[in-house]
Structure formats: structure tokens, C-alpha cells
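User: I want to learn how to read a model like this one, feature by feature. Where do we begin?

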Amino acid sequence: MTLKTIQAWKNLPAEERGAAVALGNFDGVHRGHQQVIAQAAKAALAGKTPLGVVTFDPHPRRLFRPTEPAFKLMTHGQQARALGGLGVDLLYLLPFDFEMASFGDREFVEKVLVEGLGVKHVAVGFDISFGRGRSGSAALMKAYGEEYGFTVSVAEPVADCSAEGDGDKFSSTGVRDALRDGHPEQAALILGRPFAIEGVVRRGQQLGRQLGFPTANVEVEDYVVPKLGVYATRTRLPDGREVPGVANLGNNPTTGIVETRLETWLFDFDEDLYGQIIETDLIAFLRPELKFDSLELMIEQIHRDEQAARAIVAPTF
């Protein structure tokens, strides 16, 4: 069964109800989130029900704090692919509107989970909060399960137990902090895969092509903005190929300020990607974004960046 996305909770047909679900925001689908989903998967297998994930669009933070900077770790497409890879059958991408925001914890459980989705099991993280004022908790969800007739499991925190990690709990906040600090490898450790920016390739100034290193330009848009600078990268093309490269994430201070974008030079590649959707993994941070006094100095640095990136993502043996 392939993953099906459902963007409603009222008047659903029978085949879209009765799942064992994991409840949460799941931005990033990191290793902590995966633990919650695994709990729901175990219940789905035991109860012979579909495996579902219940999350919200937009993120509740967007409704209550609309002027805050962008912070998303993935697009809905990336989220759906990650969840599908975990065996999820139904993605309930529920509209977080003023009606949803008005529900207290009991109303949310009764109206959305029970009457709307007809859940058989709900898996939550130990730190779950739900309902108006974030009044609901894991303990309350267990109590509501007993009252309304669904089972509940609570996933314990998953932490980095490596020498470097010092037992830090895996979290979306940890991913964002790592990216903003220029540590994509730490973000990848939490996520279980590299952080990736996906978007449509847009036409830029085409200066890179004129200088011998054509770039595929993608706007950052609603993503959390990692530390500006140069990264070793791997890019997935629409046909599934992966191409190593080097990218500048920034505003082009040397050639003319633009909105923050990812400009990726795909190594040993010369095909037209304009208008296509690509996904670029940030593998390693090489240096901060710089403003150069001349194009010549910029070109020299780009070739040094190329060598450094090739050593990481395209080594030769």
C-alpha cells in the first residue's frame, strides 16, 4: 500500500478511518519521531489496521506567531516520502485553522481522533502537548484512551549516546540549532539522513555559467536557514540520479544581493534543469559566505571549494 495523504478529518470514508496513528508535528521525521511511529506500527501490525500519522498544516506555530522567521525542516513532499519509507499508509495532514485551535484537549480527542478519524491506537511522544493552551499530555491521552476505547503508547526520549553527543535528546530544535551553527553532520545524526533543501530550479544571473561553473538555483523559501556559506552537497535529480557538488547558500554579496538561495554547482554535469524539482543534501560546511574584491578572487576561491567538496562527496580511488 502506498502512502495516501488526507487533508480533512470530517466525514471520512470507512477506508480512511480506524488506523493506529502516531500524533505529532513530525517536522524533520527525525530519529525521535521515528520511535513514536514505530510504536504505532507495532499496534497497527497487532491490530491488523492501517498505520497512520496525524500532523498539521500549517504548523500551529505559524497560526500563533506568523511573523517569526521561517523554520521548516522539510516540505510536505519530503515529509510524505520519509513517512512512506517508514511504512506509513495514511498521512492525515490536518488543517490547523481557528476551529482546530479552539479545541481543548478533550474536544480534540473526541471530535478529531474519535469521531473524525476513528482511531484504534494513538502513539505519542513523552513530551506531547495538544489542545488549546497545549493543555493535553501523554498521561491525559492515556486517560482519554481508556475512556473512549482506543489504546495508547508513549515513546520515551531517544538520545545521542555517542561520545560527542553526551546523551542529548533528539529533537527538531536540535536539528535547527545544528544547521544554524554550521554543523550539518550533527543535524544528519539527529535526522538519520542529511538535511536537504528541495525546490524548483530558477534562472539566476547565469554568471556562474559564463565563468565555467553553472549552478542550479533554488529558493530557500520556508525552510530554516542554515548558516550562510559554502557546502559540499549531493543533489537528487527527478530521475533519481545523485550528483555530487558544491553549493553557496546565501545572498551573493559579491555579484548582487538576492533573496537567500542555494546555488549548487553539480560536478561533471551539463544538463538543463530549469523548471525541474531537485533535492540537495547539505553534507559538510566548508566556509562562511564571503564578499570578494574581484571576480578573479572569487573564481580562485570557488576552485578551492571545489577541491574541498570533491574530497568529501566525490573522492577518487
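User: Which classes of residue make up the lining of the largest pocket?

Analyst: The lining has 19 nonpolar, 13 polar and eleven charged residues. Here Ala, Val, Leu, Ile, Met, Phe, Trp, Tyr, Cys and Pro count as nonpolar, Asp, Glu, Lys and Arg as charged, and the others, Gly among them, as polar. This is a predicted model: local features need pLDDT of at least 70, side-chain atom pairs count only at pLDDT 80 or more, and totals for chains, interfaces and linings use all residues. Residues are numbered from 1 along each chain as its sequence is written, and side-chain values use heavy atoms, with hydrogens and water left out.

User: How is a pocket found, and how much space lies in the largest pocket?

Analyst: Rolling a probe the size of a water molecule over the atoms shows where empty space is left. On a 1 Å grid over the protein atoms alone, a pocket is an open set of points where a 1.4 Å probe fits, with protein on both sides within 12 Å along at least five of seven lines. Lining residues have an atom within 4 Å of a point. Grid points are joined across faces, edges and corners, and the volume is the space filled by probe spheres set on the points. In this model the largest pocket holds about 1200 Å³. It is lined by 43 residues, and N25, H59, D127, S129 and R134 are the closest to its centre.

User: Which elements give two or more residues to that lining?

Analyst: They are α1, α2, α4 (98-102) and α7 (172-180). The largest share, five residues, comes from α7. Helices (H or I, at least four residues) and strands (E, at least two) are DSSP runs, numbered from the N terminus.

User: How many helices and strands does the chain have?

Analyst: Ten helices and twelve strands. The radius of gyration is 22 Å, close to the 20 Å that the globule rule gives for 317 residues, so the chain is as compact as a globular protein of that length. That radius is taken over C-alpha atoms, and the rule is 2.2 Å times the number of residues to the power 0.38. Along the principal axes, the C-alpha atoms fill a box of roughly 70 × 40 × 35 Å.

User: What share of the chain is buried?

Analyst: Buried residues make up 47% of the 317. The cut-offs are under 20% relative accessible area for buried, over 50% for exposed, and partly exposed in between (1.4 Å probe, protein chains only). Of the contacts between residues at least 6 apart in sequence, 73% join residues at least 24 apart.

User: Take a single residue. Is H121 buried or exposed?

Analyst: H121 has 7% relative accessibility, so it counts as buried. It belongs to strand β5 (residues 121-125). Its side chain makes polar contacts with the side chains of T151 (2.6 Å) and S153 (2.8 Å). A polar contact is a pair of N or O atoms within 3.5 Å; within protein, one must be able to donate a hydrogen and the other to accept it, and residues adjacent in sequence count only if both atoms are side-chain atoms. Beyond four places in sequence, H121 also touches other residues, including V21, Q39 and F150.

User: Which backbone nitrogen does the side chain of H30 reach at 2.9 Å?

Analyst: That of G32. The backbone nitrogen of S172 lies 3.3 Å from a polar atom of the H30 side chain. H30 sits in the loop between β2 and α1 and is buried, at 4% relative accessible area. Leaving aside neighbours within four places in sequence, its contacts are F170, S171, S172, I190 and L191.

User: How should I read backbone angles? Which residues does the cis peptide bond join?

Analyst: Most residues other than glycine have a negative phi, and most peptide bonds are trans. Here a cis bond joins D57 and P58, with omega about 0°. P58 is in the loop between β3 (51-57) and α2 (60-64).

User: What is the phi of N11, and what is that of K48?

Analyst: N11 has a positive phi near 55°. It lies in the loop between β1 (4-6) and β2 (20-23), exposed at 82% relative accessibility. K48 has a positive phi of about 55° and is not a glycine either. K48 is in the loop between α1 (31-47) and β3, and is exposed at 76%.

Conventions:
Contact means heavy atoms within 4.5 Å.
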